[in-house]
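My notes follow in the order I took them.

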Amino acid sequence: MGEKLVRDIVILVLIFGAIWAGFAYFSKDWKAPSIEISREQEQKLGDIMAKKVVLTEWENITAQYPKVDSAYRIIYGRLLNQVPLPAYNYRFYILRDTTINAFTIAGGHIFVFEGLIKFCESPEELAAVLAHEIGHAEKKHITKKLAKELGIEAVGTILGGGDDNVIKEAGKLVLSKRFDREYEKQADHFAIDLLEKAGISPYKLASFFRKLNEAGLAYDDDLEFMMTHPHNDSRIKDILGHQPAAGFKEKPFVMDWKDIQQSLNNK
């Protein structure tokens, strides 16, 4: 091998090494640009998407079932009482659909499907799911997801009252995307803390995930993002690793849960 060839190889190695080192250094510290959407804009965005996307796709049946509506209000009311200065004027809906599902959109709009209420073994399990969804809202995960999936310009277009078809397609796109693992973990931890403050065992969230596993629903891609990432087993382990504060005492909901669930079949 000639001296010139060796020298060229050494130079190439040094160049690639410098490129790799630079990439590793800068990529470690790189952060996505912050999303500047005010609470008022987010509330408006959520109002538009609830009206023009979700409630055109599914029927809100809350008012049609007084027993369910009353229980629902008691459950989410106890949770919200433990959120100091809630970020939004929260609104909760029950959608007519047998899917075991729940999701949150911008502006504090939280939706659960009829199928989820029938699936939960207790009001405390439903509270655990709602606490998780409130966590997504309070952590601004929805706004960050919207901006990531649609771009900040598209969000601005929607806020400006853009074309209805564009809004619907944008909404469906966002609803079909899952949160990433870090967001799910943050929402789980928020729920653990909120449940404990509300006098509900944080382990109810773990029992909900375990029930999903037992029903063979852990990997169903048709289910909502909260149920699939990260894997339910690791989430159960994480939740069970939490130690409630000394003196924690459960305050069970006083309601006939089976009768409330049954009332969904009476109309």
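**H3 against H5.** I began with helix H3, residues 66–80, and helix H5, residues 123–138, in this predicted model. Their axes lie 10 Å apart and the packing angle is about 50°. That makes H3 oblique to H5. I noted a right-handed crossing where H3 passes H5.

Which residues of H3 and H5 meet? From H3 I listed Tyr72, Ile75, Tyr76, Leu79 and Leu80. Across from them, H5 brings Pro123, Leu126, Ala127, Leu130, Ala131 and Ile134. I sorted the residues of this contact by class: eleven are nonpolar, no residue is polar and no residue is charged.

**H5 against H9.** Next I looked up H5 with helix H9, residues 181–197. I read an angle of about 120° and an axis separation of 7 Å. By that angle, H5 is oblique to H9. H5 passes H9 in a right-handed crossing.

On the H5 side I wrote down Ala127, Ala128, Ala131, His132, Ile134, Gly135, His136 and Glu138. H9 answers with Tyr183, Glu184, Ala187, Asp188, Phe190, Ala191, Leu194 and Leu195. How do the residues of the contact of H5 with H9 divide into nonpolar, polar and charged? I have ten nonpolar, three polar and three charged.

I then turned to the strands. In what order do the three strands form the open sheet? I read E1-E3-E2, with mixed pairing. Strand E1 (91–95) and strand E2 (102–105) are the edge strands, each pairing on one side only. From one strand to the next, the twist averages 20°.

I looked at the pairing of E2 with strand E3, residues 109–113. The sense is antiparallel, over four bridges. For alanine 102 I found valine 112 of E3 as the bridge partner. H3 came up again: H3 packs on the sheet and touches E1 and E3. I noted about 145° between the direction of H3 and that of E1.

**Confidence.** The mean pLDDT of the protein is 81. Of the residues, 75% reach 70 or more. Residues 22–33 have pLDDT below 50. I found zero contacts for this stretch beyond near neighbours in sequence. Residues 219–229 also have pLDDT below 50. For that stretch I count 40 contacts in the model beyond near neighbours in sequence.

Notes
Residues numbered from 1 in each chain as written. Predicted model: local features only at pLDDT ≥ 70, side-chain atom pairs only at ≥ 80, totals over all residues. Heavy atoms only, no water. Axes fitted to C-alpha atoms, helices over the stretch in contact; angles between N-to-C directions. Helix = DSSP H or I, 4+ residues; strand = E, 2+ residues; numbered from the N terminus. Parallel < 35°, antiparallel > 145°, perpendicular 65-115°, else oblique. Left-handed = near helix turned anticlockwise from the far one by under 90°. Contact = heavy atoms within 4.5 Å. Nonpolar A, V, L, I, M, F, W, Y, C, P; charged D, E, K, R; others polar. Pairing = 2+ DSSP bridges. pLDDT = per-residue confidence, 0-100.
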